[in-house]
Amino acid sequence: MGLRSGARERFLSACLGAPTDRVPAWAMRQAGRYLPEYRALKEKYGFSALVHEPELAAEATLQPIRRFSELDAAILFNDILSVPEALGQGYAFRDGGGIAMDFTLDSAEKIRALGSPEDVPARLDFAARALRLVRAELGGSRALLGFAGSPWTLAVYMVEGGSARQFAKIKRLAAEEPALFDALMEKLSDAVAASLNLQISAGADAVQIFDSWAALCPAAEYERLSLRWMRRIAAALPVGVPVIVFAKGMAHFAREIADAGAQVLGVDWTRRLSDVRRIAGPRLALQGNLDPAVLCFSDERAVRSRVRGILDEMRGERGFIFNLGHGISPDAKPENLAAALDEIAAA
Ligand code: CP3
């Protein structure tokens, strides 16, 4: 079979819509609390050290790769909130779950006082060092992904002051103070581009932009609130490095997202991949979209059957990467991910 290839090649070929020997696979948030080895590492060092100490970040990145031999890509262990932190707005976890930013970004003065995107590479040097360690360990055996939050998704956490329920503050800012909103988004876009360029220089083969809060945008406002800023970022990245946009709840914007510079669209579980393909055309690769709740099921056969459903839907299509429709939840069973990956490797 002329198409037999290593994991890295398989993944990158799929990003470009080229044929592959099988569907490549990885899982959003594949390093994390569902893995006992991650919980042990976090217990010992704490979350912040896992992010900020390059050796520990590299170890957390590699844990899922060691456990699941069929994973085609590793994703740097880090957090989207490292960019706000690099601009001077740190974060912590709330007791009982969720994010608390160190302060709420609720005035023009605070927005102006944020750090400069030019300082971001120096402040995120730990991420570059972690990526170099991971690359040294992986060699060319797997694809290595860098990532960042979209400017919109970061602004949601920054302006709301953390995880929120109503999202009135960010929506009010965007609607009533468009110039100030644009100034914040411009700074965030340049900071995210600086972070992604740093990760690419340090060895990332592709980058994913998490627009996890895309669905907060009214459809008529998606361009102004989120898409135009991702276009600005994509334009600042080197040609030839695939950009994956995970636009949760916004897959019906597939064509516009492709036009904004994405080579791959991350699709959540509420859409049929075949419908998204029809909207997007063959040029945009798709990534998704198993409901992450399936990995919490007690019956492995149900997991396999759901995975087969997705593979059947995309059978014969180029430009497809298997993933979940959102991040793995802490109560997912590692054996279920193993079963899902086995089903893909056997298909
Ligand atoms: O995918 C990976 O394995 C790489 C690591 C990664 C983390 N966060 C580590 C992490 C990635 C890709 C992220 C992305 C991220 N962080 C997103 C986008 C993806 C998504 O799920 O939509 C968002 C919105 C965040 C912000 C964030 N960080 C949240 C909402 C939380 C959860 C808070 C909670 O109480 O559950 C975090 C914390 C976080 N980031 C954890 C991990 C493994 C869990 C915290 C822990 O281990 O204690």
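## Y38 and F77

In this predicted model, Y38 and F77 are both buried. Nine aromatic pairs are counted in the structure. Y38 and F77 make up a tilted pair, because their ring centres are 5.6 Å apart and their planes stand at 45 degrees, a value that falls between the limits of 30 degrees for stacked and 60 for edge-to-face. The two residues belong to distant parts of the chain, 39 residues apart. Y38 sits in helix α2 (residues 36–45), while F77 is in the loop between β1 (73–75) and α5 (82–86).

Y38 and F77 are also members of a cluster.

## F210 and F246

F210 and F246 form an edge-to-face aromatic pair, with 6.2 Å from centre to centre and 75 degrees between the planes. F210 is in strand β5 (residues 206–211) and F246 is in strand β6 (residues 243–247), so the pair ties together parts that are 36 residues apart in sequence. Both F210 and F246 are buried.

## The sheet

The strands that hold F210 and F246, β5 and β6, follow one another in an open sheet of seven strands. The strand order is β1-β4-β5-β6-β7-β8-β9, and the pairing is parallel. The edges are taken by β1 and β9 (320–324); each has a single partner strand, so one side of each lacks a neighbour in the sheet. From one strand to the next, the twist averages 25 degrees.

At the β9 edge, strand β8 (residues 285–290) pairs with β9 in the parallel sense over five bridges. Within this part of the sheet, L286 has F320 in β9 as its bridge partner.

## Helices on the sheet

Helix α1 (residues 7–15) packs on the sheet and touches β1, β4 (143–149), β5, β6, β7 (264–266), β8 and β9. The direction of helix α1 makes about 105 degrees with that of β9.

Helix α12 (residues 222–235) lies across β5 and β6, the strands that carry F210 and F246. Helix α12 runs at about 165 degrees to β5.

## A charge over a ring

Which residue lies over the face of W229? R228 does, at 4.2 Å from the ring centre. This distance is within the 6 Å limit used for a charge over a ring.

Definitions and conventions: Residues are numbered from 1 along each chain as its sequence is written. This is a predicted model: local features need pLDDT of at least 70, side-chain atom pairs count only at pLDDT 80 or more; totals for chains, interfaces and linings use all residues. Side-chain values use heavy atoms; hydrogens and water are left out. Rings of Phe, Tyr and Trp (its six-membered ring) pair if their centres lie within 6.5 Å; planes under 30 degrees apart count as stacked, over 60 as edge-to-face and the rest as tilted. Helices (H or I, at least four residues) and strands (E, at least two) are DSSP runs, numbered from the N terminus. Buried means under 20% relative accessible area, exposed over 50%, partly exposed in between (1.4 Å probe, protein chains only). A charge sits over a ring if NZ of Lys or CZ of Arg is within 6 Å of the ring centre and within 35 degrees of the ring normal. Two strands pair if DSSP finds at least two bridges between them. Axes are lines fitted to C-alpha atoms, for helices over the stretch in contact, and angles run from 0 to 180 degrees between N-to-C directions. Contact means heavy atoms within 4.5 Å.
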